[in-house]
Amino acid sequence: MTPLSPEDIRKVRALDRRLHARDLASQLGLAEAEICAALVGFGATRIAASPDRLMPRLTAFGPLMALTRNDACVIEKVGVYDDYRPGPHAALVVNEEIDLRIFPAQWVHAFALEEETEKGLKRSLQIFDAAGDAVHKVHLRPGSDVGQWQPLLDDLRLADQASALALAPRQPPEVAKTNPARLEDLRAGWAALEDTHQFLRLCAKLKMNRLGAYRLAGAPFVRRLAPGSVERLLYRAAEIEVPIMIFVGNRGCIEIHTGPVGRVGDAGPWITLFDHGFDLHLRMDEIAEIYAVVKNTARGPAHSVEFFDARGLLIAQIFGVLRAGAQAVAEWNTLVAELPDAPLREAAE
């Protein structure tokens, strides 16, 4: 097939502006970043992707919408990008509304985008990895200070404003890595955890990854849950108004919501959570494996429900909020304990 020119992409894009760029890219066999690149000079500007340069500038905008997604889940939070903490391997934005874990090496391409829509001019900042897949997006809101837009462009605009992008091959998903010969070491190390962040270091030491360890460890550390457990958990958490922490991410960014579930609705394969300043869209038919997991922390055991797609990619993790108090923690732990186990045949696979 003849490669599409930037002009061809713009023409196709103009046919239906309601279509999400990610969906258009999939239809055209392109990376999403190539859609933005085709719009350079036509509403898009290439800007520096470094979070150390971009994140500190966002505070002055006031309220913005932070969006992070993977193939099966989208999280959106409205708030101020305040308290940015740089780091060469991992950076943070940490406040009550916007809570991000940023992996700077994956922030490779970035665009400031202005698009005319049925609701008026829409402005956003969109960051992509080396393969052109979105890692994070920032959308201006009605309450955002638009006067900060042009100074940001003046400061971050790249000299190279070409429409062509040099993209790297997309990295294949990591399959489950397990090591049955180290089962007892895994269980002993798991029992000795004092913080959830120590878990991945334990897995690396034992030549495993998260999914491989979950498949191997067994009770009392982990149990595989039945299909439908995520929907059941979310509806019940909304019903009794227990707060949660939900982590949604990709290779370049993890976004976290801490607070109530809000309202729950479903449409086709998607289930959606609504609350003031928080939306989450989860594609239920992409969930292949679900686990209830317990890890020790200084505040007590952390109970989570974590789920993966058929390729072994982590879709999301849902925790109780330990700082919410003993009653909220007990309610969350009860919800997780009541979720049914996977059928024996499925659990053994």
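Strands are DSSP runs of E of at least two residues and helices runs of H or I of at least four, both numbered from the N terminus. Two strands pair if DSSP finds at least two bridges between them. The model is predicted, so local features need pLDDT of at least 70 and side-chain atom pairs pLDDT 80 or more, while totals for chains, interfaces and linings use all residues. Residues are numbered from 1 along each chain as its sequence is written, and side-chain values use heavy atoms, without hydrogens and water.

Arg-223 stands opposite Ala-292 in β16. Strands β10 and β16 (residues 289–295) are antiparallel and share three bridges. They belong to an open, antiparallel sheet of nine strands, ordered β4-β5-β6-β12-β11-β18-β17-β16-β10. The edges are β4 (84–85) and β10 (222–224); each has a single partner strand, so one side of each lacks a neighbour in the sheet.

Nine aromatic pairs occur in the structure. Rings of Phe, Tyr and Trp (its six-membered ring) pair if their centres lie within 6.5 Å; planes under 30 degrees apart are stacked, over 60 edge-to-face, the rest tilted. Tyr-291 and Phe-308 pair edge-to-face, at 6.2 Å centre to centre and 80 degrees between the planes. Tyr-291 is in β16 and Phe-308 in β17, so the pair ties together parts 17 residues apart in sequence. Tyr-291 is buried, at 3% relative accessible area; the value for Phe-308, also buried, is 2%. Buried means under 20% (1.4 Å probe, protein chains only). Ring pairs link Trp-190, Phe-199, Tyr-214, Phe-221, Tyr-291 and Phe-308 into a cluster.

Key:
Buried means under 20% relative accessible area, exposed over 50%, partly exposed in between (1.4 Å probe, protein chains only).
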